[in-house]
Structures are given as structure tokens and as C-alpha cells.
Amino acid sequence: MSVDLILFMVLALIAIAAAIGMLASQNAVYSALFLVINFATVAVFYLLLGAPFIAMAQITVYAGAIMVLFLFVIMLLGAERLAPVKVLPYQRPMAIGLAVVLVVEAVYLMLVRNPSMAMINPPTDATNTVGALQELGMTLFNQYLLPFEVTSILLLVAMIGAIVLTKQEKKGEQK
Amino acid sequence: MVPETYYIALSAILFTIGALGVLIRRNALIIFMSVELMLNAANLAFVAFARAREALTGTSIYSGQIIVFFVIAVAAAEVAVGLALIVAIFKTKQSIDVDAMSSLKG
């Protein structure tokens, strides 16, 4: 077993354990913190796959900005826990059964029926240089310039939308 | 040397955990986090496929990384609007239990 295979296995275990922890914890704050662990391990996977820029974007945007926003809203609303209410008794086992079916189908389609023989090598020094980053930037701003601009407009629209949605309505104002 | 299939299997497992979270949790915030987990699993598959393709063709391919960059940007926009919606729902219903959100009028 090579070093990167061992690294992959350990990180995969951490990622899956963190995801299950997110799913199982009753307190929403713990869920958010488990999800941060999961995002951090996925960032290390990106480093193993030779994508350092995406790894850093993952840490700053996902584990940083998005999860801070989540924690902020959880604590703002004080909605860490929900009051226990009656749920359908068969709902949970049925959901787990359907999830097992989903993972079996996905594994069958992608790994058994149409298996890929490709091996992923550990990243070389060349992928971790400024030159590789420069090439990524050139591809982004030449080949994918239009999607980039559309994304910036989407972010602007999202910002306006968030402001409009949370704006306090004046009393007596007709909609 | 890690086979590409390992990454795809991990991605499938993480996606399924996310889907399971959407199905069994009633807290709207946790459902939202599960959606983020599913997006993340898909991103991992994108980068793994791009990397495997690089190994096959011998040239650098950046499209896989760039689409992940776009997905991260769109996810950030989605979270901003989604959390604003959750805050607005909490203001009227005093709860973020998805079972409470059963009427069209706020």
C-alpha cells in the first residue's frame, strides 16, 4: 500500500464519519461543526488530486464563509433543537432503505457496469507551482469568461434577494 | 496510486448521506446543510474525473476545476438566499421545523 492510498483511506473514513455525525447529532451547532470537518477533509482530497486552488477556495468559501453564515443563523434564531413531535413511524427505516438502494445503484452503475481503470497519481511538483495557477486563470478568463461574468451577476442578484427577503416591512404598508 | 473508482465510491457515499439527511431530518437548517454535502460530493467527483482524464491523456485539464469553482460560487449565492428565506419563515412561524411549513400564505 502506497502512502497516498493510506492517506486516502484515513481521510475517507474521517469524511464519512463527519458526514454521519452531521446527520445524527440533535444539536444544529454540532451538525455545522461536523460539516466543517467534512469540508476540510474534502479540501485535502482536492490537494491530493492536484487542485490546490480549489482546495483553498473550498476552505475560504465553504468552511469559512458559508459555514460561518450557517452558525450565525443558527445562533441568531436560537433554533439549535426542535421540539420533539410525532413523526411517521415508518418514515426513518424507509428513508434508510431508499438510501441504501440509491448507493447500491450508484455503485453498480459507476463501478461495476462501467468500471474505470484509471489510476490517480499523487500530484507532482508541477501542479503546485504558480505556473499551474496561471494556466488555470488563463483558462478561466479566456474559455470560461462568459460563465464567470454570469456568475458575478448571479452573486449580485443573490445579494439583493437576501436584502429584500430580510427587510423589515413598514407597518400599514400595503403589499 | 489511488484508483479513480475509490474517489467515485466515496463521492457516492457522501452524496447518499446528504440525501438521507434531506429525507430524515426535520430541521430546515440541517436539511440545507445536507444539500451542501451533496454539492460537495458532486464537486469531488468532478475533480477526480478531471484528474483521471489528465492521467489518461497526459495533458493538464483545468475544466474540471473551473466547474467546481463555479459550483462553489453558486452555492454561496444559494446559501445567502436560502438562509434569508429561513430567517423570514422563522419570523412568521417561530419555528424552522419543515412540518410547520404547510401553508402557502405566510
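At what angle do the axes of helix H1 of chain A and H1(B) cross? I am working from a predicted model. I looked up the axes and found that they come within 10 Å and cross at roughly 5°. The angle is under 35 degrees, so I noted H1(A) as roughly parallel to H1(B).

Next I listed who makes the contact. From H1(A) I wrote down residues including A:Leu5, A:Phe8, A:Met9, A:Ile16 and A:Leu23. On the H1(B) side, B:Tyr6, B:Leu10, B:Ile17, B:Gly21 and B:Ile24 are among them. I then checked the classes: 17 residues are nonpolar, one is polar and none is charged.

Then I turned to salt bridges. How many does the structure hold over all chains? I found two.

One joins the side chains of B:Asp97 and B:Arg26, at 2.5 Å from N to O. This pair links distant parts of the chain, 71 residues apart. B:Arg26 sits in the loop between helix H1 and helix H2 of chain B, and B:Asp97 in the segment after helix H3. Is B:Asp97 buried or exposed? Its relative accessible area is 7%, so I marked B:Asp97 as buried.

The side chains of B:Glu54 and B:Arg51 also meet in a salt bridge, at 3.0 Å from N to O. Both residues lie in helix H2 of chain B, three residues apart, about one turn of the helix. B:Glu54 is buried at 15%, and B:Arg51 counts as buried at 10%.

Methods: Residues are numbered from 1 along each chain as its sequence is written. Chains are lettered from A and ligands numbered from 1 in the order in which they are written. This is a predicted model: local features need pLDDT of at least 70, side-chain atom pairs count only at pLDDT 80 or more; totals for chains, interfaces and linings use all residues. Side-chain values use heavy atoms; hydrogens and water are left out. A salt bridge is a side-chain nitrogen of Lys or Arg within 4 Å of a carboxyl oxygen of Asp or Glu. Helices (H or I, at least four residues) and strands (E, at least two) are DSSP runs, numbered from the N terminus. Buried means under 20% relative accessible area, exposed over 50%, partly exposed in between (1.4 Å probe, protein chains only). Axes are lines fitted to C-alpha atoms, for helices over the stretch in contact, and angles run from 0 to 180 degrees between N-to-C directions. Angles under 35 degrees count as roughly parallel, over 145 as roughly antiparallel, 65 to 115 as roughly perpendicular and the rest as oblique. Contact means heavy atoms within 4.5 Å. Ala, Val, Leu, Ile, Met, Phe, Trp, Tyr, Cys and Pro count as nonpolar, Asp, Glu, Lys and Arg as charged, and the others, Gly among them, as polar.
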